[in-house]
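This briefing goes through a structure with its chains by topic. Please keep the sequence and the coordinates in view while reading.

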Amino acid sequence: MSQPEILNQAFELGYTYTRSTGPVVGRFLTGLKNRKLVGIKASDGRVIVPPMEYDPDTAEELSEFVDVGEQGEIVTFAWVKEPREAHPMNEPFAWAMIKLDGADVPMIHCVAAKSEGHVTSGARVRAVWADETIGFMTDIRCFELV
Amino acid sequence: MSEEEQEMITKVEAPVYLKYNFTAGSAPTRFLAQIKNGVLAGQRCPKCLAVYIPTRGSCGRCGVPTVEEVELSDKATVQSFTIVSIPIPNNPIEPPFIIANVVPDGANVSFIHLMSECVNEDVHIGQRVQAVWKPEDEWGYSMDNIRYFKPLDEPDVPIELIGKLTVTGEEG
């Protein structure tokens with residue numbers, strides 16, 4: 001019995017979810033649409049960005065929104081040498097924990113930089129907004145070094 | 001309500017796409033190569049003699065490889081069925097339609113396919129059916145070479161004999 005050719009076929013399985021944001025994340029995304037960053041004040045006074053719905057310590061419902069800056073400071077980062085299809089950038093970039101001005105907790109986003117050597121902990125960065133904002137995380141295209 | 005509240009974001013599109021490249025193993029490749037020739041090919045277990053289709057290359061009961069290829073009939077018996085009344089997204093077939101598990105003559109297991117050219121309310125377990133094939137020049141490596149199964153004017157198969165007929169449709 002001769003072995004026939006190897007059969008290959010590409011196929012895609014898609015789950016087209018639409019997710020409800022809830023009022024807190026919805027407020028954050030609405031802020032992005034208006035090119036503003038908003039956090040929330042936790043019971044211990046920390047400002048958390050993106051805002052959380054419940055307090056991380058007491059589990060109480062949170063509601064005190066606080067505007068934060070579109071600039072901040074890199075706390076830690078990881079350089080991506082070879083971006084993959086799902087990544088937000090085609091060129092090498094950094095995933096970074098960014099503490100925005102007025103926030104007490106860093107937020108993850110991507111940082112555009114010429115090379116790994118340009119990115120350091122403590123470097124100042126600024127949000128680069130998308131041409132068209134729709135109320136989604138990608139409304140911030142990336143952060144750039146200041 | 002302020003202008004800002006009116007345009008409050010309440011939902012986000014969050015699709016997940018899983019991109020696969022499916023490679024058929026040796027047994028499914030044999031099966032697909034044969035269906036391209038218009039042949040339903042099963043494989044027989046060397047131990048319990050059960051004939052499987054589509055073939056997986058092993059017997060689930062005995063845990064041994066199946067090698068012997070067996071050509072099956074395109075006549076089959078309805079083992080179970082369901083009338084689909086609700087449209088399925090992206091499915092071009094308009095309900096109501098029938099999905100049936102059919103056991104081809106010579107096999108001991110069923111596979112799933114469509115039924116048509118039938119009165120939906122008259123479809124029943126044990127009903128005899130036959131494959132309606134696409135034109136030969138449209139055959140590919142696909143179960144879609146069979147458009148659907150249609151009823152045959154033959155006596156019903158008693159439930160205890162479903163999945164036990166020989167390739168010529170006789171009691172095994």
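Which residue is the bridge partner of E73(A) in β7(A)? In this predicted model, the bridge partner of E73(A) in β7(A) is K99(A).

**The barrel of chain A**
- Strands β6 (residues 71-80) and β7 (residues 93-100) of chain A are paired in the antiparallel sense, with 8 bridges.
- Both belong to a closed barrel of 5 strands in chain A, which runs β6-β7-β8-β10-β9 and has mixed pairing.
- Within this sheet, neighbouring strands are turned against each other by 50 degrees on average, with direction ignored.

**The contact of chains A and B**
- Chain A brings 24 residues to the contact, and chain B brings 25 residues.
- On the side of chain A that touches chain B, β1 (8-15), β2 (18-20) and α1 (22-33) each supply at least two residues, and β1(A) gives the most, with 8 residues.
- That side of chain A comprises 10 nonpolar, 11 polar and 3 charged residues.
- β1(A) is also joined by 8 bridges to strand β2 (residues 16-23) of chain B, the two running antiparallel, and here Q9(A) stands opposite F22(B) in β2(B).

**Helix α2 of chain B**
- The buried residues of helix α2 (residues 26-36) of chain B include A27(B), R30(B), F31(B), L32(B), Q34(B) and I35(B).
- The buried residues of α2(B) pack against β3 (40-44) and β5 (68-72) of chain B.
- After α2(B) comes G38(B), which has a positive phi, near 80 degrees.

Conventions: Residues numbered from 1 in each chain as written. Chains lettered and ligands numbered in written order. Predicted model: local features only at pLDDT ≥ 70, side-chain atom pairs only at ≥ 80, totals over all residues. Contact = placed C-beta atoms within 7 Å. Helix = DSSP H or I, 4+ residues; strand = E, 2+ residues; numbered from the N terminus. Nonpolar A, V, L, I, M, F, W, Y, C, P; charged D, E, K, R; others polar. Pairing = 2+ DSSP bridges. Buried ≥ 20, exposed ≤ 12 C-beta atoms within 10 Å, placed from the backbone. Axes fitted to C-alpha atoms, helices over the stretch in contact; angles between N-to-C directions.
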